[in-house]
Amino acid sequence: MIPYKLIAKKRDGGELTAAEINELIAAYLTGDFSDSQMAAFLMAAFLRGLSTSETAALTRAMTASGEVWDLSAIPGPKIDKHSTGGVGDKVSLVLAPWISACGVVVPMMSGRGLGHTGGTLDKLAAIPGFSTSLTKKRALSILKKTGVAMLAATPGVAPADRRMYALRDATGTVESIPLITASILSKKLAEGADGYVFDVKYGSGAFMPELPQAKKLAESLVNTAQAAGKKAVAVITAMDQPTGHAAGNACEVREAIDCLRTREPQDLFLITRPLAVEMLVLSGLVRSREKAVDRLEQTIDDGSAVDKLRALIKAQGGDPRVVDNPDLLPQAPYRHDVIAPKSGYIQRIDTRRSGWALVELGVGRKKVEDDVDLSAGLILEKKIGDRVKKGERIGEIMGQKRETFPLVADEITASLTIGSKKTTPLKLIHSRYDGRRWSVCH
Ligand code: URA
C-alpha cells in the first residue's frame, strides 16, 4: 500500500475498497501510515464523504483494531443503547437496570462528558464506590451474574478510534456523519451485543441540532450496524431543553432513581420507555410493543426495576443504599437561585449554551485532565411552554465553585428566550428508523 495514493484517491472523490480501508487501518496501527497522513485522510473523508460500504468497512476495520467481546457464554439476548448525548440526558441510568429487570442482558459501555454534553460515566462516578473501570473478565462476570454492567470502554477496545478521535478533535473533522458513525460503532460493536437501539437527539442541545442531519446520522448508524450483522433501530428524541429538571452528576442520579420508582419527571420517562420498548422488541423476549409496555410497567410496579439498580450498584462496588437514601450522594456545599429575568412564557432554551455554562460550574471538563465536581449541577424547575414572572425563582445551581455562580446563573438565564406567546417544545419522540423505513411515533 502506498499511503499517499489512498489519501489522493479519497481527496479526488474516489471510493476506497474494503481491502484498501483494511490496509489503511492496519498500517496506521503499525505506524506505516502516520498521524499526519491519517489527518489528511480524515479531512479528505470529511470533505468528500464516505459511501455506505466505505463507512461499513471503516467501522469493521476500526472494531477489529482491538478486542471484540464474545458474550455467547452469557445466556439471554444482549441489547445495548447508544445516545448521541445532550444536557440532562440520564436515560441510560434508568434504562439499563429497567430493561435488565425484563430479562435483557445489557453490556453498556459509555463515555465521559464531551463538550457541552454530560457523560454516563461521570454520573455513575457520583455513586460512592461505583467503579466503571472494569477489566473484561470482571465485566463479563458481572454481566453473567447481574445481567447488566455499565462501564468505560476497556483500553483494548477500538484503539484505532481513540487515536483517530484525538486527531479529528485537533483537525476540525469531528462533524462528519460517516466518521461519527464509524467512531461510535467501532466501540459499540466491540461489546459483542446482538442488537443496538440508537437514541439520536435533535434540538438545541443535540450534537446534530437540525432534524434532517439527525435523521441522516440515525440512518447511517442503523444501516452500518445492520451491515455488520447486528439488529438495530434508531429513535429520534428531543433535546431542545434539558431532559428532566436536573443537569449535573449526583443530581441526575437522584432524578434517575426517582424515575424508576415514580415515572417522574414525565419527559424523562416518556423518552426512556419507548427506547426500552425498542430494546425489548429487538431482544425477541416479547412479541409485540403492547406486551413490551406491559412488562416494563410491571417491573416498575413490583419494584424489580429498582431492585436491579441496587444489584448493579452493588456488583460494581458502589453503595446500593443510595437508591433508598439519595442523600448519600455527593452534596453541594453551596447553592444559588436562578431568577427569571422577565415575565412571559419560556419559548426556547439554548440548551447547548446552558450545557457550556454547566461545564464552567464543574459538571463537565474544559480539558480532558480536568476533574469534575460531582455535586455540581442545575435544577431547572421550568420547561418550554411554562409561564414565569420576573424575579421569580425558576431553579438553582449548586456546587463547590461558588465564584462561578453569578456568571453561570447569567448564562442559564441568557439561554432562555422568554416572550409573550406560549410555544410548545419539540415532540419528545419524533420518529423511528428500522433500516427500511421511517415511521412517525404517535
Ligand atoms: N461520539 C463518539 O464516540 N465519536 C464521535 O465521533 C462523536 C461522538
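Predicted model: local features only at pLDDT ≥ 70, side-chain atom pairs only at ≥ 80, totals over all residues.

**H2 against H3**

I started with which residues meet between these two helices: Leu24, Ile25 and Tyr28 on the H2 side touch Asp35, Met38 and Phe41 on the H3 side. H2 covers residues 18-30 and H3 covers residues 35-48. I get an angle of about 145° between them, with the axes 10 Å apart. The crossing of H2 and H3 comes out left-handed.

**H12 against H13**

Next I looked up another helix pair, H12 (residues 266-283) and H13 (residues 289-301). Their packing angle is about 120°, and 9 Å separates the axes. That angle makes H12 oblique to H13. The handedness of this crossing is right-handed. From H12, the contact is made by Phe269, Arg273, Ala276, Val277, Glu278, Leu280 and Val281. H13 answers with Arg289, Ala292, Val293, Arg295, Leu296, Glu297 and Ile300.

I then checked aspartate 302, which sits in the loop between H13 and H14 (304-315).

**Ile313 in H14**

On to isoleucine 313, which belongs to helix H14. Its relative accessibility is 1%, so it counts as buried; the cut-off for that is under 20%. What does isoleucine 313 touch, leaving out residues up to four places away in sequence? I list Ile127, Phe130, Gly318, Asp319, Pro320, Val322 and Val323. Methionine 150 is 163 residues from isoleucine 313 along the chain, yet their C-alpha atoms are separated by 9.4 Å.

I went through the two faces separately. On one side are Gly195, Val197, Asp199 and Lys201, on the other Tyr196, Phe198, Val200 and Tyr202, and all are buried.

Which strands does S4 pair with? I found S1 (residues 79-83), parallel to S4 over 5 bridges, and S5 (residues 231-238), also parallel to S4, with 8 bridges. For reference points, I noted lysine 81 opposite valine 197 of S4, and glycine 195 with lysine 231 of S5 as its bridge partner. Between S4 and S5 comes helix H10 (residues 211-227), and S4, H10 and S5 make a right-handed β-α-β unit.

**The sheet S6-S9-S11-S7**

Here 4 strands make an open sheet with antiparallel pairing, in the order S6-S9-S11-S7. S6 (246-248) and S7 (334-339) are the edge strands, each pairing on one side only. On average, neighbouring strands of this sheet are turned by 15° against each other, direction ignored. S6 pairs with S9 (residues 377-380) over 3 bridges, in the antiparallel sense. Within that pairing I marked alanine 246, which stands opposite isoleucine 379 in S9.

I then looked for helices on this sheet. H15 (residues 351-361) packs on it and touches S6, S9 and S11 (393-399), and its direction makes about 140° with that of S9. H16 (residues 405-414) lies across S7, S9 and S11 and runs at about 30° to S7.

**The sheet S10-S8-S12**

Last entry: an open sheet of 3 strands, ordered S10-S8-S12, with antiparallel pairing. S10 (387-388) and S12 (416-419) stand at the edges with a single partner strand each, so one side of each has no neighbour in the sheet. I counted 4 bridges between S8 (residues 344-349) and S12, which run antiparallel. One of the residues I looked up there is isoleucine 349, and its bridge partner in S12 is leucine 416.

Note on methods. Residues numbered from 1 in each chain as written. Heavy atoms only, no water. Buried < 20%, exposed > 50% of the residue type's maximum accessible area, 1.4 Å probe, protein only. Pairing = 2+ DSSP bridges. Right-handed = clockwise from strand over helix to strand, strands pointing away. Axes fitted to C-alpha atoms, helices over the stretch in contact; angles between N-to-C directions. Parallel < 35°, antiparallel > 145°, perpendicular 65-115°, else oblique. Left-handed = near helix turned anticlockwise from the far one by under 90°. Contact = heavy atoms within 4.5 Å.
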